[in-house]
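Here is a short tour of one protein structure. Keep the sequence and the 3D view at hand while you read.

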Amino acid sequence: MTQPGIRTGTITVDFLTPTHRISAQMVLRGRVLGDVLNDVRTSFIPLEAVFLSRLEEPARILKSFGSAILSKNHITLAIINVGVELALKAISPAYGSRKVYGVFATIPGFEIEGTIEFIGRPDLHALLVTNVERFIPVMNAKAVMSERPEVIFAGELIFVNRDFIGLFSLSGEVAQG
């Protein structure tokens, strides 16, 4: 058990909501970000060193806060540029062959491109309908604002909230290495 006050992993995340960009740090307390986002027992996540800006002007900071709490219901994207190892569990190669596919998705206001890994045959129905995880990891991703294509958010990893997905498609298998 972790002692109070001891940090066991801090990650910097850019959260996008339908109207704002929230850049913040999260203390993970021994968990990975994907597990925190997909934890159905909690609806809010605590944040530290928080910077708030509007989506239309993501570089212009409106307000900053030492700490805040964010509703997971309003997160459309969570973008990670550094520390992917703190965001996802390592997948054991013993479960089958992993294949990487190109992905394109839309959410209100954004078009997202990147790659996604599947073990075995890709199954979009399983991923979007029967999967219990709400936030889908897209690797080496970029999110382009639909109405202002010059505004691009990119990251090594973007978690996409499936509740906001309008279209989700796969392109062919992507060569690895």
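A pocket is an open set of points on a 1 Å grid over the protein atoms alone, where a 1.4 Å probe fits, with protein on both sides within 12 Å along at least five of seven lines; its lining residues have an atom within 4 Å of a point. This is a predicted model, in which local features need pLDDT of at least 70, side-chain atom pairs count only at pLDDT 80 or more, and totals for chains, interfaces and linings use all residues. Residues are numbered from 1 along each chain as its sequence is written, and side-chain values use heavy atoms, with hydrogens and water left out.

**The second largest pocket.** Its volume, the space filled by probe spheres set on the points, is about 150 Å³. Met26, Val27, Leu28, Arg29, Arg31, Val36, Asp39, Thr42, Phe44, Ile45 and Pro46 form the lining. Strand 3 gives the largest share, three residues. Strands are DSSP runs of E, at least two residues long, numbered from the N terminus.

**Asp14.** This residue sits in strand 1 (residues 10-16). Its relative accessibility is 12%, so Asp14 counts as buried (under 20% relative accessible area, 1.4 Å probe, protein chains only). Its side chain makes polar contacts (N or O atoms within 3.5 Å, one able to donate a hydrogen and the other to accept it):

| Side chain | Partner side chain | Distance |
|---|---|---|
| Asp14 | Arg21 | 3.0 Å |
| Asp14 | Ser23 | 2.4 Å |

Leaving out residues up to four places away in sequence, Asp14 also touches others (heavy atoms within 4.5 Å), including Leu77, Ala78 and Ile79.

**The cores.** A nonpolar core is a set of buried Ala, Val, Leu, Ile, Met, Phe, Trp, Tyr and Cys residues joined through side-chain atoms within 4.5 Å. The largest has 24 residues, and Leu77, Phe110, Ile116, Phe153 and Val160 touch the most other members. Strands 5 (77-80), 6 (98-107), 7 (110-119), 8 (135-145) and 9 (152-161) each supply at least two residues. Strand 8 gives the most, five. A second, separate core of 23 residues includes Leu47, Val50, Ile75 and Ala87.

**Aromatic pairs.** How many aromatic pairs does the structure hold? There are two. Rings of Phe, Tyr and Trp (its six-membered ring) pair if their centres lie within 6.5 Å; planes over 60 degrees apart count as edge-to-face, under 30 as stacked and the rest as tilted. Tyr101 and Phe118 have ring centres 6.0 Å apart and planes at 75 degrees, so this pair is edge-to-face. Tyr101 lies in strand 6 and Phe118 in strand 7, 17 residues apart. Both residues are buried.

Terms used. Buried means under 20% relative accessible area, exposed over 50%, partly exposed in between (1.4 Å probe, protein chains only). Helices (H or I, at least four residues) and strands (E, at least two) are DSSP runs, numbered from the N terminus.
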